[in-house]
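Here are my notes on the model you sent. Please read them with the structure open.

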Amino acid sequence: MPNLVVVSPAMNRMSGFQELESHHLVPGDMLVLKEGKTLLPCDAILISGQCIVNESMLTGESIPVTKTPLPQADNFKPWRMHCAEDYKKHVLFCGTEVIQTKADDRGAVKAVVLRTGFNTAKGDLVRSILYPKPMNFKLYRDAFRFLMCLVAFAAIGMIYTVCVFALNGEEAGEVVKKALDVITIAVPPALPAALTTGIIYTQRRLKKKGIFCISPQRINMCGQLNLICFDKTGTLTEDGLDLWGLLPSERNCFQDIHSFPADRSLPWGPVFRAMAVCHSLIVWQGKIQGDPLDVKMFEATNWVIDDSSGHQIEGQGSTHATVVRPGPKASSVPVEGVTILHQFPFSSALQRMSVIAQEIGGEQQVFTKGAPEMVAMLCRAETVPSNFESELLLYTAQGFRVIGLACKSLQAGKQLTDLTREEVESDLTFLGLLIMENRLKRETKPVLEELSAARIRSVMVTGDNIQTAVTVAKNAGMISPTNRVILVEANQIPGSFSASITWKPLEENKTEYYRSLEDDSQTKRRTRLALESGQYHFAMTGKSYQIVAQHFRHLLPKLLLNGTVFARMSPGQKSSLVEEFQKLDYFVGMCGDGANDCGALKVAHAGISLSEQEASVASPFTSRTPSIACVPELIREGRAALVTSFCMFKYMALYSTIQYLGVLLLYWQLNSFGNYQFLFQDLAITTVIGVTMSFTGAYPKLVPYRPPSQLVSPPLLLSVVLNILFSLSMQIFGFLVVQEQPWYSKTDIHSACLSMNNHMENYSSVSSLGLHGMRDGALEQTDNGYKSYENTTVWLLSTINCLIVALVFSKGKPFRQPIYTNYVFILVLIGQLGICLFLVFADIDDLYSKMDLVCTPTMWRTSMVIMLAVTLAVSFLVEPRLGICIKTGTIAATLPTSPLLSFLKAIHLNDKIKGNARPNHLFFPLVSGMYQALPQAREIQAAFGVSYSDAVDCQEELVTVFWWRALVELV
């Protein structure tokens with residue numbers, strides 16, 4: 001049943017409010033939100049009162065969110081533009097649950113309908129699930145191209161078929177049927193189903209490990225991930241914070257630090273009042289709910305929240321407000337309690353929150369808390385201690401999370417609804433620093449070490465202080481103790497469109513400075529001098545990142561190639577950063593747990609949410625356990641799924657090609673496979689193999705290179721082509737050699753099993769006597785036109801060859817477990833091989849008649865087995881070496897040094913001449929690939945002044961590019 005809501009229709013406001021079913025709502029209607037829980041049927045903007053909303057369905061955060069009414073503005077800007085990034089604080093989203101409403105002096109809590117149906121935030125989410133963003137993955141593009149090649153291959157076969165049958169005088173209808181058969185044989189119709197099967201099995205394995213997926217196509221992408229962006233709080237560090245200490249400030253000086261827990265209680269004063277009221281906590285279902293930081297801070301005061309009744313506020317009538325009072329364990333204070341009159345909720349963009357509070361019987365005050373740098377900017381300069389920056393650095397460098405506190409008194413008589421946030425958060429008095437301890441999760445360091453060993457970059461993207469982030473990155477192992485950290489600070493020059501950038505090693509006080517107006521060559525020279533310092537990592541804030549992206553676009557790729565810590569990043573900047581990494585050909589994963597990460601989780605190739613809430617639908621992957629241990633697990637399974645997809649693709653292509661070649665050979669004699677022969681190959685062999693080949697699980701260790709991502713690469717194409725040649729050679733050999741056998745007869749398909757000593761002389765007498773009574777029935781049976789020695793030979797060879805190809809292509813290590821661990825697949829292969837060998841050596845007339853086979857001498861059957869064994873041995877010898885070529889670039893390593901260096905120099909020079917927006921975009925990753933593949937890497941490194949460090953790991957693609965271009969250079 002639809003929800004019933006109280007509505008004032010948009011077209012007739014004079015008629016007052018009426019109760020309607022929610023599906024009648026249209027944009028412009030005004031809603032009245034009653035007390036109690038309400039599930040919102042539309043997107044609406046709050047215009048009066050306050051709401052506490054559970055948005056976990058959309059964001060994944062179980063923390064209740066406070067919604068405030070749209071502020072009144074004198075300008076004529078659209079409300080969305082006026083509110084900038086904070087507009088969500090005033091919008092009630094469809095599908096979320098209003099768990100508490102608070103009326104203000106304007107009466108009932110009201111909201112205006114903005115959007116309905118699929119135009120709402122929930123509708124957009126549902127739409128993104130039903131119609132996910134198309135992925136531009138090389139595997140799928142190459143698969144389509146490969147299928148087109150098979151279609152062209154089939155077209156050649158059709159022409160061959162038409163020519164052969166037409167020249168032999170076959171009827172037109174028969175020629176058309178035979179030609180169309182070639183298409184269904186050459187292009188495997190079961191290929192999409194076979195590829196999907198592997199993904200389904202991987203999804204099932206992930207589910208058993210507590211990782212859920214709503215976009216299965218992205219599983220293969222996880223196998224290519226080479227950069228993971230991590231949020232900090234709740235992802236790398238514990239979600240809960242411990243209150244470590246308070247550093248109060250009085251008269252422009254920091255006082256002695258107050259540690260927690262402590263025997264002495266915190267004295268009553270402005271700092272205590274700020275801790276008691278500057279939060280967005282509520283009482284829900286008998287428990288205090290809200291941000292973990294707010295909960296810890298409030299619990300330290302030993303006060304309680306009284307959220308049950310309305311309160312009379314002088315000059316403003318009766319309204320609902322939250323009151324905090326001393327609890328049973330609280331120390332004695334001179335007030336009965338403090339009323340929280342109004343909230344300006346925390347904003348990621350503003351990096352702060354504020355409340356207006358009033359002691360019962362006292363004056364109104366503003367309390368603000370947030371990022372220390374931001375809070376200090378809002379305070380009067382004379383109230384901020386002179387050693388503010390050094391004290392802040394002292395604690396953030398130790399990895400503490402530091403919060404700034406400030407307050408001011410409000411003039412009496414002002415209506416709260418008339419106050420803007422800018423007015424409230426100005427001319428504040430600095431109160432001190434709240435120091436929170438945020439410990440690393442137990443799994444963080446081992447997981448990051450595992451990713452580093454696998455040459456997968458780890459990057460921290462957080463909204464926290466940059467010093468805290470750098471310290472956590474060092475403690476977690478993202479930054480080696482021997483590596484330098486260079487702080488990148490960019491600033492807009494006041495009154496101009498230019499900007500400046502500063503490079504500051506965190507270990508030193510030296511800086512290098514230049515302006516964007518300087519000569520470009522001088523800029524590049526200074527940049528190179530600043531960066532040529534060996535192993536280093538860049539760290540920057542969201543503000544600096546924004547300015548660099550706008551004014552120093554040519555530096556952005558280099559900064560991103562070596563950037564490890566990005567702090568004070570807004571949700572929009574996180575999404576932008578992920579997209580910039582993707583432009584550098586990284587396959588980017590994003591791991592986060594909060595609403596601030598939702599945009600980046602959607603944009604990344606693989607977004608991994610650590611939230612248990614149903615809201616994780618915003619992310620393709622969700623981990624039941626809030627630990628980054630799911631990241632290497634997902635990469636392992638992704639690599640296994642990707643390799644499985646390649647194996648299945650190669651097998652299905654080979655199976656169809658083997659069958660295609662066998663049919664074309666038989667077409668030369670106007671023959672073909674029989675119906676049961678096709679059925680046996682398609683169902684008993686290929687379908688069963690397609691279902692069971694994908695059972696192989698992921699290899700437990702992450703190796704330092706990735707599986708190939710494209711089909712159109714020399715090793716993979718070579719693998720397919722060589723196996724096609726092996727199959728073709730074996731079938732042609734069998735087809736021709738069987739015709740040279742002394743017992744072969746084109747017209748008499750029973751001659752081979754007669755007495756080989758004298759069958760030419762005694763054939764007529766033997767047949768008339770009915771040799772052992774076995775041949776009479778056979779001779780009387782009607783030949784359907786399929787039976788021949790060529791048919792029997794080619795079909796048996798091609799059928800068992802399909803088993804050989806399945807075994808050869810079922811790769812195990814390094815991305816999948818050894819093939820013998822897939823017990824079902826091994827048993828299936830053994831069973832199928834046993835049946836095929838039984839068909840080879842059995843001499844059962846009824847069975848042979850059904851399968852359109854003919855009897856051949858035992859020696860010939862043994863010869864066929866030998867041919868198959870040789871093919872198996874050759875395939876097994878060749879296939880692993882092609883894998884080695886992919887892994888180590890063996891072929892590239894055999895090239896002489898001088899052509900190699902000239903080749904790299906040519907690329908480098910070409911980039912300079914073209915003036916690429918991303919200089920050395922190909923060059924740096926290419927040298928990176930050669931660095932790990934070639935013995936001459938040191939010479940290359942010295943020649944060009946580059947290091948491996950964090951360059952893009954495009955292993956297989958780089959070797960492929962190198963092969964083609966290096967061959968051109970050598971020729």
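How many of the 971 residues of the protein count as buried? The share is 54%. Keep in mind that this is a predicted model.

1. Overall make-up. The secondary structure comes to 33 helices and 35 strands. The protein exposes about 42,400 Å². Carbon and sulfur atoms supply 58% of that area. Take the contacts with a separation of 6 or more: residues 24 or more positions apart account for 71% of them.

2. The largest nonpolar core. This core has 77 residues. The members that touch the most others are Tyr651, Ile685, Ile689, Met693 and Trp795. Helix H20, residues 630-667, gives the core its largest share, at 19 residues.

3. Methionine 693. What does methionine 693 contact, once its neighbours within four places in sequence are left aside? Its partners include Cys647, Met648 and Tyr651. Also on the list are Ala806, Ser810, Arg816, Asn822 and Phe825.

4. Cysteine 647. Cysteine 647 is found in helix H20. Its relative accessibility is 4%, so cysteine 647 counts as buried. Beyond the neighbours within four places in sequence, cysteine 647 is in contact with Met693, Phe809, Lys811 and Arg816. Look also at alanine 806, which is 159 residues away along the chain. The C-alpha atoms of cysteine 647 and alanine 806 are separated by 8.3 Å.

5. The cis peptide bond. Check the bond from lysine 813 to proline 814: the model has it cis, with omega near 10 degrees. Proline 814 sits in the loop between helix H25 (789-809) and helix H26 (823-841).

6. Serine 727. Is serine 727 buried or exposed? Serine 727 is buried, because its relative accessible area is 1%. The residue belongs to helix H22, which spans residues 714-739. A polar atom of the serine 727 side chain lies 2.9 Å from the backbone oxygen of asparagine 723. With neighbours within four places in sequence set aside, serine 727 is in contact with Ile658 and Asn801.

7. Serine 575. This residue is found in helix H18, residues 571-583. Serine 575 counts as buried because its relative accessibility is 13%. Leaving out neighbours within four places in sequence, serine 575 is in contact with Gly599, Ala600 and Val603.

8. Positive phi at arginine 568. Phi of arginine 568 is near 50 degrees, a positive value in a residue other than glycine. Arginine 568 lies in the loop between strand E32 (563-567) and H18. Its relative accessible area is 13%, so arginine 568 is buried.

9. Positive phi at asparagine 252. Here phi is near 70 degrees, again positive in a residue other than glycine. Asparagine 252 has its place in the loop between strand E13 (242-250) and strand E14 (253-254). Buried, exposed or partly exposed: which is asparagine 252? At 30% relative accessibility, asparagine 252 counts as partly exposed.

10. A four-stranded sheet. The order is E4-E9-E6-E7. The sheet is open, and the pairing is antiparallel. Which strands are at the edges? They are strand E4 (38-39) and strand E7 (65-67), each pairing on one side only. Strand E6, residues 50-54, is joined to E7 by 3 bridges. Valine 53 stands opposite valine 65 in E7. Strands of a sheet pair through backbone hydrogen bonds.

11. Disulfides. The count comes to 0 disulfides. The cut-off is 2.5 Å. Cysteine 94 is buried, because its relative accessible area is 10%.

Notes. Residues are numbered from 1 along each chain as its sequence is written. This is a predicted model: local features need pLDDT of at least 70, side-chain atom pairs count only at pLDDT 80 or more; totals for chains, interfaces and linings use all residues. Side-chain values use heavy atoms; hydrogens and water are left out. A nonpolar core is a set of buried Ala, Val, Leu, Ile, Met, Phe, Trp, Tyr and Cys residues joined through side-chain atoms within 4.5 Å. Buried means under 20% relative accessible area, exposed over 50%, partly exposed in between (1.4 Å probe, protein chains only). Helices (H or I, at least four residues) and strands (E, at least two) are DSSP runs, numbered from the N terminus. Contact means heavy atoms within 4.5 Å. A polar contact is a pair of N or O atoms within 3.5 Å; within protein, one must be able to donate a hydrogen and the other to accept it, and residues adjacent in sequence count only if both atoms are side-chain atoms. Two strands pair if DSSP finds at least two bridges between them. Accessible areas come from the Shrake-Rupley method with a 1.4 Å probe; for residues, only the protein chains shown count as cover.
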